[in-house]
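I opened this entry to keep track of what I looked up in one protein model. The sequence and structure come before my notes.

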Amino acid sequence: MPLAVRWPFPAGPPLPWALASRLVTGLVGTYSCVWTRSLKLRHVWSLHKMRWTPTAADICFTRELHSRFFSLGRCVPVCRGDGVYQRGMDFILEKLNQGDWVHVFPEGKVNMGQEFVRFKWGIGRLLAECRLDPVILPLWHGGMNDVLPNAPPYVPRVGQRITVVVGRPFSVRPLLERLRAEGTSTVEMRKALTDFVQREFEALRGQARALHPAP
């Protein structure tokens, strides 16, 4: 599925774009601070401390105005069905290689049924090709759909309980080095790395379910 808008990120980027991005991330971050009280203003207004995140192009990048807003908020369009080798994934890999924070939703979609969904192999590609040794910090949350339902009417509900479980940071470097030493193919390497990360998240999911049982 081709991107419906122009590629939103300028080469460089120029100073006006960087200032506009800082303004958008700062304002959205400030709004989050008001609601969650879990962020610090000095962080959300520091652009180099804010995340990049792969984002569904068919949802957030369908119009030029939407594209401008989400790209300034460090969202990167990823087109469903275009595989692990596409411009958005190349862009994310470049940011990883620069040591930036990349926040990924590994299921690659909104999990409507709350079941465990197989992770996308793009995770394995990013880890296999990153020149650095990225630290992976797993998070699992529950109760978000109680605050903002996944079905109409989309009206936020106050007074709901949200549970967020933060796992231990880990690296895939030992596994990656072993796979390389064994001459593992590119496809098999992507799958092995993705499966490894998925198992870490499955364990975290169990902890989250114990604290926040599914309805």
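My notes go from the whole chain to two residues.

**Ground rules.** I am working with a predicted model, in which local features need pLDDT of at least 70, side-chain atom pairs count only at pLDDT 80 or more, and totals for chains, interfaces and linings use all residues. Residues are numbered from 1 along each chain as its sequence is written, and side-chain values use heavy atoms, with hydrogens and water left out.

**Fold.** I looked up the secondary structure and found nine helices and four strands. Both are DSSP runs numbered from the N terminus, helices being H or I with at least four residues and strands E with at least two. I noted the order from the N terminus as α-α-β-α-α-β-α-α-β-α-β-α-α.

**Size.** The C-alpha trace spans about 50 × 45 × 35 Å along its principal axes.

I read 38% of the 215 residues as buried. The classes are buried under 20% relative accessible area, exposed over 50%, and partly exposed in between, with a 1.4 Å probe and protein chains only. Of the contacts (heavy atoms within 4.5 Å) between residues at least 6 apart in sequence, 65% join residues at least 24 apart.

**Tyr85.** I found Tyr85 in the loop between strand 2 (75–78) and helix 5 (87–97). Setting aside residues up to four places away in sequence, Tyr85 touches Arg125, Glu129, Thr186 and Arg190. For Arg125 I noted 40 residues of sequence separation from Tyr85 and a C-alpha to C-alpha distance of 8.6 Å. With Arg190, the side chain of Tyr85 makes a polar contact of 3.2 Å. A polar contact is a pair of N or O atoms within 3.5 Å; within protein, one must be able to donate a hydrogen and the other to accept it, and residues adjacent in sequence count only if both atoms are side-chain atoms.

**Thr194.** I then turned to Thr194, which sits in helix 9 (residues 186–211). Thr194 has a relative accessible area of 1%, so I list Thr194 as buried. Which residues does Thr194 contact, leaving aside neighbours within four places in sequence? They are Phe119, Lys120, Trp121, Ile123 and Gly124.
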